[in-house]
Amino acid sequence: MKNSKVVFWSIVIALGGFLFGFDTAVISGAEKAIQQLWQLTAFEHGFTISIALIGTVLGALLGGIPSDRLGRRKTLIWIAVLYFVSALGAAMAPSWVPFLIFRFLGGLGVGASSVTAPLYISEISPAASRGRMVALFQFNIVFGILIAYLSNYLLADSGDAAWRWMLGVQVFPAAAFLLLLFRVPESPRWLITKKGLVEEGREILRIINPTSFDSDVTAILTSQAQEGAGGESLFTRKHIGPVMLAVLFAVFNQVSGINAILYYAPRIFEMTGLGTNSALLSSAGLGLINFAFTLLAMNFIDRFGRRKLMLIGSFGLIVTLGLVARSFYTEQFTGFTVPILLFVYIAFFAFSQGAVIWVFISEIFPNSVRAKGQALGSSTHWIMATIIAFTFPYFAEHLGGGHTFLFFCLMMVLQLIFVWRFMPETKGTSLEQVEKILVVH
């Protein structure tokens, strides 16, 4: 990718992913202190952890509306404001209810970001490097998760207010994200298809791809003539393929158990006999592995393709989850057996689902309904994430780790069948060409 401006724009937008990851993971270090401080019951505690996810579901469901009406860039500016207010408010919350409100606002930002950021990057990236560019968003998510885990570990011994510092440091990257957004342009595809500003869109496309911008404009206008300007419903017969792929992909992403492991990593490790500090450090190890293998996947996603990465990852997830389940069934927790297995699990997840999900969902819908399609895939992902995060402590306690991880393992067997039989390859194909493959005209 030689176009420095497109790289810069993508990096700035992907900062939304960093805040997404940080906001998602930072609660893992603060949840026990919050539970003790406000003497929360098991239900209240689960609700406190999942309130941000409830906001995320709502943000994802509604995120396509401002993306289409206000534009991708203005929507991202409002998302940055939500991140900043949420971090500051949660860190300074005097009691439980205000804390819930500010965590909910942060969740809205995460949900809307998961719709708008991949959408924007997908629409400005040349076809040959689109996978790598959109994967920057996922890369920044896992970088945010890693920094959150490391930050939690470093701040763990800073007194009774440690959890406030853990949550409050997010104001700095949120402020940086907000300021840098004023240096990126609007999506050219939004300008052309939603506002009819063809010349403005053409000028941005000229910067993105100086050799083929005229043909890009022609392809966008042709697609618009066939599809309409975007007022149509997503749920029509011609969109059934992309809708099915987005929903199933998002469901399988979460029934792998990824968010249960990321949110409750210290608790899972303590279940196997590790002390609190060792559990927090092992959680930071998960973040580091996630980061490293997402970086690796970014270098292969446009070379190997999305489908091949998913096949490799599905096999790896089946094996590692099966072995974790076996460890819980037999109670063989000697040394770091379960942490090591979960490190390998995270490696396979990051190399496949983690890197592919936002790329794939952002590619498979036509220009006219892309924001709606991205919102559908993202909200499905977050509804499932909320269910998993809310129910995991209950099932782990009542069914045990063995049954819980065996369920995740069996779901990955179904994912393998889905990828093998139904998932198309989209690497190196323009968004308008993908539309011709998947949309029934």
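## Charges over aromatic rings

K308 lies over the face of F304, at 5.9 Å from the ring centre. A charge is taken to sit over a ring if NZ of Lys or CZ of Arg is within 6 Å of the ring centre and within 35 degrees of the ring normal. R421 is likewise placed over the face of W420, with 5.9 Å to the ring centre.

## Basis of the model

The model is predicted, so local features need pLDDT of at least 70 and side-chain atom pairs count only at pLDDT 80 or more, while totals for chains, interfaces and linings use all residues. Residues are numbered from 1 along each chain as its sequence is written, and side-chain values use heavy atoms, with hydrogens and water left out.

## Aromatic pairs

A search of the whole structure gives 24 aromatic pairs. Rings of Phe, Tyr and Trp (its six-membered ring) pair if their centres lie within 6.5 Å; planes under 30 degrees apart count as stacked, over 60 as edge-to-face and the rest as tilted. One of these pairs is F139 with F143, which is stacked, at 6.5 Å centre to centre and 10 degrees between the planes. The two residues are 4 residues apart in helix α6 (residues 130–155), and therefore about one helical turn separates F139 from F143. Helices (H or I, at least four residues) are DSSP runs, numbered from the N terminus.

Is F139 buried or exposed? F139 counts as buried because its relative accessibility is 14%, whereas F143, at 30%, counts as partly exposed. The terms are set by relative accessible area: buried means under 20%, exposed over 50%, and partly exposed in between (1.4 Å probe, protein chains only). F139 and F143 also belong to one aromatic cluster with F18, F22 and F291.

Y345 and F349 are 4 residues apart in helix α16 (residues 337–363), so about one helical turn lies between them. Their ring centres are 6.4 Å apart and their planes are at 25 degrees, so this pair is stacked. Both Y345 and F349 are buried.

## Salt bridges

The whole structure holds 11 salt bridges, each defined as a side-chain nitrogen of Lys or Arg within 4 Å of a carboxyl oxygen of Asp or Glu. In the bridge between D302 and R306, the closest N and O atoms are 3.0 Å apart. D302 is buried at 15% relative accessibility, and R306 is buried with a relative accessible area of 0%.

Salt bridges that share partners join D68, R72, E123, K194 and R370 into one network. Within it, D68 bridges to R72, with 3.1 Å between the closest N and O atoms. D68 is buried at 15% relative accessibility, and R72 is buried at 1%. E123 bridges to R370, with the closest N and O atoms 3.3 Å apart. This pair links distant parts of the chain: E123 is in helix α5 (residues 96–124) and R370 in helix α17 (residues 370–398), 247 residues apart. E123 counts as buried because its relative accessibility is 1%, and R370 is buried at 0%.

## The surroundings of T56

T56 is part of helix α2 (residues 42–62). Its relative accessibility is 3%, and therefore T56 counts as buried. Leaving aside residues up to four places away in sequence, T56 touches G107, L108, V110, G111 and W382; contact means heavy atoms within 4.5 Å.

Which backbone oxygen does the side chain of T56 reach? The side chain of T56 reaches that of G107, at 3.1 Å. The C-alpha atoms of T56 and R103 are separated by 10.0 Å, and these residues are 47 residues apart along the chain.

Technical notes:
Polar contact = N/O pair within 3.5 Å; in protein donor to acceptor, adjacent residues only side chain to side chain.
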